[in-house]
Amino acid sequence: MIILPISLTIAAGAALLNLWLSVRVGRVRTKEKLFIGDGGNDLLTRRMRAHSNFVENTAFVLILLALVELGLGSSMWLWGVGALYLVGRILHALGMDGMMWCRMAGTAITMLTQLGLAIGALLIVYMTPTSITTTAVEETVAIAPR
């Protein structure tokens with residue numbers, strides 16, 4: 001059994017963050033009695049976009065995180081990248097409520113995280129020494145008994 005502690009921990013954190021973002025949308029929907037669409041409500045639109053943007057980016061990050069962890073094993077660098085991504089997504093969500101510096105910081109962290117993981121994945125593939133192993137195959141002839 002292969003267990004990826006970093007990927008599993010960050011995925012669990014992402015699931016909790018997804019729930020938090022959903023609740024934030026639900027609170028505005030309930031307060032404004034807007035159960036379909038955004039009704040032109042600016043805050044609801046912003047929170048819906050924060051949630052959607054999270055979903056749009058998180059799948060790529062979690063897949064890359066797991067594959068890099070499989071390729072390199074657990075490392076403090078990978079723990080840091082995963083944790084930083086979650087912090088960036090929290091900042092982005094808060095920024096969508098009006099704190100523009102949070103939104104910009106969250107966006108930058110998200111993009112840099114994806115770029116770093118993508119580069120790391122490519123380095124694993126193209127910088128890891130490989131050797132070609134060949135196996136000789138001999139033909140086997142079965143002889144029927146007389």
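Tutor: Welcome! This is a predicted model, where local features need pLDDT of at least 70, side-chain atom pairs count only at pLDDT 80 or more, and totals for chains, interfaces and linings use all residues. Residues are numbered from 1 along each chain as its sequence is written, and side-chain values use heavy atoms, with hydrogens and water left out.

Student: What makes Arg24 and Asp97 a tie between separate parts?

Tutor: Arg24 lies in helix 1 (residues 5-32) and Asp97 in the loop between helix 3 (76-96) and helix 4 (100-127), so the pair ties together parts that are 73 residues apart in sequence. Helices here are DSSP runs (H or I, at least four residues), numbered from the N terminus.

Student: How do you know whether Arg24 is buried or exposed?

Tutor: Buried means under 20% relative accessible area, exposed over 50%, and partly exposed in between (1.4 Å probe, protein chains only). Arg24 has 7% relative accessibility, so Arg24 counts as buried. Asp97, at 31%, is partly exposed.

Student: Which residues are linked with Arg24 in a network of salt bridges?

Tutor: Arg47 and Asp97 are linked with Arg24 in that network. Asp97 forms a salt bridge with Arg47, their closest N and O atoms being 2.9 Å apart. This pair also links distant parts of the chain, since Arg47 is in helix 2, 50 residues apart from Asp97. At 15% relative accessibility, Arg47 counts as buried.

Student: Where do Arg46 and Asp42 lie?

Tutor: Both are in helix 2 (residues 42-72), four residues apart, about one turn of the helix.

Student: What makes a set of residues a nonpolar core?

Tutor: The set holds buried Ala, Val, Leu, Ile, Met, Phe, Trp, Tyr and Cys residues joined through side-chain atoms within 4.5 Å. The largest one here has 19 residues, and Leu65 is among those with the most contacts inside it. Helix 1, helix 2, helix 3 and helix 4 each supply at least two residues of this core.

Methods:
A salt bridge is a side-chain nitrogen of Lys or Arg within 4 Å of a carboxyl oxygen of Asp or Glu.
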